[in-house]
Amino acid sequence: MAMNNPMMTDTSISNILATLNGKSKPISQILALKSMYLHLAIMLIISVFSTNLVAQVDITYYLPDIEYDPAIPTPKSVIGHQVGEWHISHDKLVQYMEKLAASSDRIIIQEYARSHENRPLLNLIITAPKNLARIDEIKDIHRKLCTPNEADQVNTADEPIVVYQGYSIHGNESSGVNASMLVAYYLAAGQSPEVLNKLENGIFIIDPAYNPDGINRFASWVNSHKSKHLVSDPADREYTEAYPRGRTNHYWFDLNRDWLLLSHPESQGRIKVFHDWKPNILTDHHEMNTNSTFFFQPGIPSRTNPNTPQRNQDLTEEIGHFHAHALDSINSLYYTKSSFDDYYYGKGSTYPDANACVGILFEQASSRGHLQESVNGLLSFPFTIRNQVVTSLSTQDAAISKRQEMLDYQRIFYKNNIKDGKNSIIRGWLYTDVDAYKLKRYNEIMLAHQLEIYPITKDMRSNGKLYKANESYFIPMEQIQSKMAKTIFEKVRTFPDSLFYDVSAWTMPLAFDLQYSEVNKGDKSRLELGKRMIDAQSLKGKLYPEDKTYAYIFDWNQYKSANALLAIQDAGLITKMIHKEIDVDVTKKGEKQNMHFGRGSIIVPLQNQNKTGNEIQNILSQLAQENDLNIFALSTGITKSNMTLGNPDVATLYRPNVMVIVGDGTSSYDAGEIWHTMDQKLGYPLTKMETRDISSTSLKRYNTIVMAHGWYGSLDKDQVENISNWIRQGNTLITVRGGTDWAAKKDLIDLKRYKGQTGKDTEDEYQPYEVHPVRRGAGVIGGAIFETKMDLTHPLSYGYDDDILPVFHRGTNIYHTTNNPYATPLKYTASPILSGYIPRGFDTKIANQAALTVHKLGSGRVIAFQDNPNFRGYWYGGTKQFYNAVFFGAEISSRTMEPK
Ligand SMILES: [Zn+2]
């Protein structure tokens, strides 16, 4: 690509040095210094002169020197500064994109979602006006290509390629989002034959800001710390963002792990657009550490997910040649293949690979703020933006050049999927759950990924488990989305490589703790299937009244039972909970029926409430509908079991007053998951308290504190004592992972660490230097799924009907079970690894050890989790256990706890 412009090497080190040589005398003396000092001294001098150099950049620095339509507004004419001079705020970005779209006949702009902070997520669909005039028709033809029995009707020689270009899913990697304005301007205003050819043969969907909330948080930080005379010292506050930093979204989640899990509106909206358009190339523009250069995929070949076809990786590499040539032309350093993986389908550059598309990751060395010293010289913000612009344009070049080849690849990909499904040993998966809401949410995610789902119409037994008609579902392997089905359901235990950039397992029915079975050929012939599911069925929760009501009852085995309990407590009503299973008579469809209620079921008596019977009935009736929950009236306190409702063993519950500790020394991801669970899922207004604000008085209003994963190094001796005293007064501390390690280390709990080797490199014999990173990485558990066994009679297990619970495990810490035989309600099983990579022998070490323990401290308690029960907002199987700790923690008998 021709990048003919006079400004483009202005910030390169050689030019800066040449400028200095001409102007300043000291450079000759500096050259005499030792190399380290030389480096530092040059840095200092450069930083003095650099302000002007950065300010000089104009639009020709970024874009090819071609004719641009003067009627189309440049970014500067709308946002009021040259791109790169400031970090764009999301509001200004939206303002520009709307102006641009309004002034161009090449653009349709659409909002596809709103972020948690109510910012619009935008797509600009940019193509030739004559394509725009028949855009729906083009989309229909393109989608036919993905439907094997219609695909041969499409002549790929005639159809445009669809390219989805997206930016800055990590909000503090902002060269991408700032580049997006220039990329969109280039396509909207460019008049060269090259641009016109792109528009004629391509549909370009520009997604300027994958993560609006994070982008805005970061822009606000760096802009507010920018000096008039740019400071390039990495120690400046501009480059050391405060907790929780701008990488993540509003709830501090990494959106670049959410493409598969769909916990957030940003991803939910984007996946809809993805499947609406079925792009051929999708790009994901990131940043990495300041001292690196520029990376583009392919990543390390052995770390590509085996479900991704080799042809995908070949195409990625062929496209890479276009990036290489483009970066050559502006003298930018780059690399490929030697880092980053393409393994986890929850990432933006990997999800497309299971969907007939080629996903491409770009990583630019980050200037973080406006100008930062690096081993490669001064790294200016405009320089980083330019690399993103140049590779955005080279992606378009590659797309046009490989247009027909990629359309053909898309067609054959789906045909092969059907074929692979037909030949697969596993014919599909059968699943069900007693929790109707959880099952509905699971189906919604499956449908979002375009999987075919069929309800079964006849009861079916598989692997010794009963699947009831119309309450169980089947996802076949023989379908166009067979690769997605496989990666969602499969348990993976063999790996070509032992290093993972992220998790090594995500088996979703395990995360949801569903009852599920693989279906083989013989089983499949016994299946009777209903009509393909189009929408996840909405459930109808209901209150079943009695003529004369004594109390109300609902089971705890539903995901949203906790929402109802909280709302009842907020209404000021007395709530009770049963520790024993009971059978009672209820009235259903006009007749008395026996109904079984499990441990943890909630009772709302009519006695001594602050509301009338009618008011209570209205409240509960509304809650039943809102929470997909069945609530039953009871006409008597007598049950068919050996218990009455006024029994002293029926616990009275109190509304939890909960706080989570955040800030210095905590993991923002893990604390964010607690915040997200409590706020978004439970509807609880959770206080997030900074570690520095912990004092004896600040803790008084809470009866429950959550310490998520973290290090807590900033808590001083007095603060530790405050927490300890607060527990002793009868309160509940819930600790997770690092929080548990901290409590053990600070002697709040008596928990014995497993002392043997836990997969760490033993270095027992001489090893070649080069194997060190591999051996070290092989000892790490980035994330795998383990099987645990629960004591179903323990309050922390109430609401579960099956004693096997999959957990998501990270790290190699192991703790022994407690001395008190009742204080470890959850243990890893004898052969616990279910899915994912672990170091050799680790599973035998963790076998039968503690996964969840309960400790007594004074009149209070510490509930200590080894694994994160709310992992990434999609670990629906663990949420109830966490809710149990919050709502029932105070109900655990102190004699069953591990004493201190
Ligand atoms: Zn990133």
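Which residues in H16 are buried? In this predicted model, Tyr437, Lys438, Leu439, Lys440, Arg441, Tyr442, Asn443, Ile445, Met446 and Leu447 of H16 are buried, where buried means under 20% relative accessible area, exposed over 50% and partly exposed in between, with a 1.4 Å probe and protein chains only. Residues are numbered from 1 along each chain as its sequence is written. The model being predicted, local features need pLDDT of at least 70 and side-chain atom pairs count only at pLDDT 80 or more, while totals for chains, interfaces and linings use all residues; side-chain values use heavy atoms, with hydrogens and water left out.

Because 10 of its 13 residues are buried, H16 is largely enclosed by the rest of the structure. Helices (H or I, at least four residues) and strands (E, at least two) are DSSP runs numbered from the N terminus. The expected span of a helix is 1.5 Å times one less than its number of residues. For H16 (residues 436-448) this gives 18 Å, in agreement with the 18 Å between its end C-alpha atoms. The buried residues of H15 are Arg403, Met406, Leu407, Tyr409, Gln410, Arg411, Phe413, Tyr414, Asn417 and Gly421.

Pockets and cavities were located on a 1 Å grid over the protein atoms alone: a cavity is a set of points where a 1.4 Å probe fits but cannot get out, a pocket is an open set with protein on both sides within 12 Å along at least five of seven lines, and lining residues have an atom within 4 Å of a point. Grid points are joined across faces, edges and corners, and a volume is the space filled by probe spheres set on the points. The second largest pocket has a volume of about 600 Å³. Its lining comprises 28 residues, with Ser667, Asp670, His709, Arg737 and Arg810 nearest the centre. Helices H22 (668-682) and H24 (738-745) each supply at least two lining residues, and H22 provides the largest share, three residues. Domain 1 (68-139 + 161-405) and domain 4 (658-896) each contribute at least three residues to this lining, the domain bounds coming from an automatic or database domain assignment. By class, the lining of this pocket has seven nonpolar, 10 polar and 11 charged residues; Ala, Val, Leu, Ile, Met, Phe, Trp, Tyr, Cys and Pro count as nonpolar, Asp, Glu, Lys and Arg as charged, and the others, Gly among them, as polar.

Four cavities of 30 Å³ or more were found. The largest cavity has a volume of about 60 Å³ and is lined by residues including Val807, Leu826, Phe865, Asp867 and Trp875. Its lining divides into six nonpolar, four polar and one charged residue.

The whole structure contains zero disulfides, a disulfide being a pair of cysteine sulfur atoms within 2.5 Å. The sulfur of cysteine 146 lies 9.9 Å from the closest cysteine sulfur, in cysteine 357, too far for a bond. Cysteine 146 is buried at 2% relative accessibility, and cysteine 357 is buried at 0%.

Histidine 370 is placed in the loop between strands S8 (358-365) and S9 (371-374) and is buried at 2% relative accessibility. Threonine 240, in the loop between helices H11 (212-225) and H12 (265-277), is partly exposed at 42%.
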